[in-house]
Amino acid sequence: MKNLKYYFEKAKKEKFAIGQFNFSTFEQVKGIVQAAKNLNSPVILGTSEGESKFVGLPEAVAMRNVLRKKYNVPVFLNLDHGKSFEAVKEAIDAGYDMVCFDGSKLPLEDLPAMPAHAGQAGNIKISKKVVSYAKWRGVLVEGEVGRFGTDASKIYQEEFKITEEFLTKPEEAKIYFAKTKVDVLAISIGNFHGMNVMGSVPRLDLVRFEEISNLLNIPFVLHGGSGTLDTDIRSAINFGVVKININTEIRLAFTNSLKKQLETNPDEITPYKYLQEPINEVQKIIEEKIKLFGSENKI
Ligand code: G3H
Ligand code: ZN
């Protein structure tokens, strides 16, 4: 089976994106992998730090291995938003294909030690450490420059509205990429975690993205894919996005369907009966995304 690097290069050349679909239960994984099999598409399973803790890193690796073999489709595994070197190291050691180091809250460069504080390692320094640990173990690294907003729903814990200062600055992206040599770079161009901000969906700043992609001809990642307009998704892929992260839409499809099952069949106590419909709903949403991202028949 071809590795993830091969699929990112193919995606960049042929202008499509691979979906990273986050999960916290085996049923969600089933829906995701069945969709990939149905449409002959590579897929990436994602676990955030919270999802990783709940699922377990070795358990996530085992699910990937078993389903990759059973369905014979390229299924990869990414640690999503690892906030420290230790967190990403654990995922690398467990057998993940890729890790995302999220140093977006850190200053780009180290802060010097001053009488008042002991100094702080910057995003670049820790990313370099992650890359050197990951590279010779054959694991890919995703870096982040700029911060993403978060909607006000209960799905994400923090509420954070994006302002100009948190959007990716083209020059900073260039410096970060040149110094760290990450494999793919996540950028903040108005994308946000969740489904809407104050009742509406903000558009992507495609002018900024064009500026970044003119300066840096590399594979990019788009976070916060849920709820993003189809037309913005297509433009982003055109400017070099090779991976799009989706979480909220999967959580909603699964949870709403499960609630409905339990409400309409209050006496049903057999999990394999009431969990089938939520699996189908996840599969449906993943198939829509695979078609939108253009990764159908790209195995
Ligand atoms: O890292 C995960 C994603 O960026 C998911 O964002 O919940 O808005 O789809 P989303
Ligand atoms: Zn994200």
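This is a predicted model: local features need pLDDT of at least 70, side-chain atom pairs count only at pLDDT 80 or more; totals for chains, interfaces and linings use all residues.

Is histidine 81 buried or exposed? I find histidine 81 buried, at a relative accessible area of 9%; buried means under 20%, exposed over 50% and partly exposed in between, with a 1.4 Å probe and protein chains only.

Residues are numbered from 1 along each chain as its sequence is written, chains are lettered from A and ligands numbered from 1 in the order in which they are written, and side-chain values use heavy atoms, with hydrogens and water left out.

Entry: positive phi. I looked at histidine 81 again, which is in strand 3; strands are DSSP runs of E with at least two residues, helices are runs of H or I with at least four, and both are numbered from the N terminus. Histidine 81 has a positive phi of about 50 degrees, though it is not a glycine. I also noted lysine 181, another non-glycine residue with a positive phi, near 55 degrees. Lysine 181 is in the loop between helix 7 (170–180) and strand 7 (184–187), and counts as exposed at 52% relative accessibility.

Entry: ligand 1. I counted 14 residues around ligand 1, the closest being Asp80, Tyr156, Gly224, Ser226 and Thr248; near means a heavy atom within 4 Å. By type, the shell has 3 nonpolar residues, 10 polar and 1 charged. Here Ala, Val, Leu, Ile, Met, Phe, Trp, Tyr, Cys and Pro count as nonpolar, Asp, Glu, Lys and Arg as charged, and the others, Gly among them, as polar.

Then the polar contacts, pairs of N or O atoms within 3.5 Å. Tyrosine 156 puts a polar side-chain atom 2.4 Å from an oxygen atom of ligand 1. For histidine 193, a side-chain N or O atom is 3.0 Å from a ligand 1 oxygen, while glycine 194 uses a backbone N or O atom at 2.9 Å from an oxygen of ligand 1. Strand 3 (75–82), strand 8 (192–193) and strand 10 (241–246) are the elements that give two or more residues to the shell around ligand 1.

Entry: histidine 223. I placed histidine 223 in the loop between strand 9 (220–222) and helix 9 (230–238). Histidine 223 is buried, at 1% relative accessibility, and its side chain makes a polar contact of 3.2 Å with the side chain of asparagine 245. Within protein, such a contact also needs one atom able to donate a hydrogen and the other to accept it, and residues adjacent in sequence count only if both atoms are side-chain atoms.
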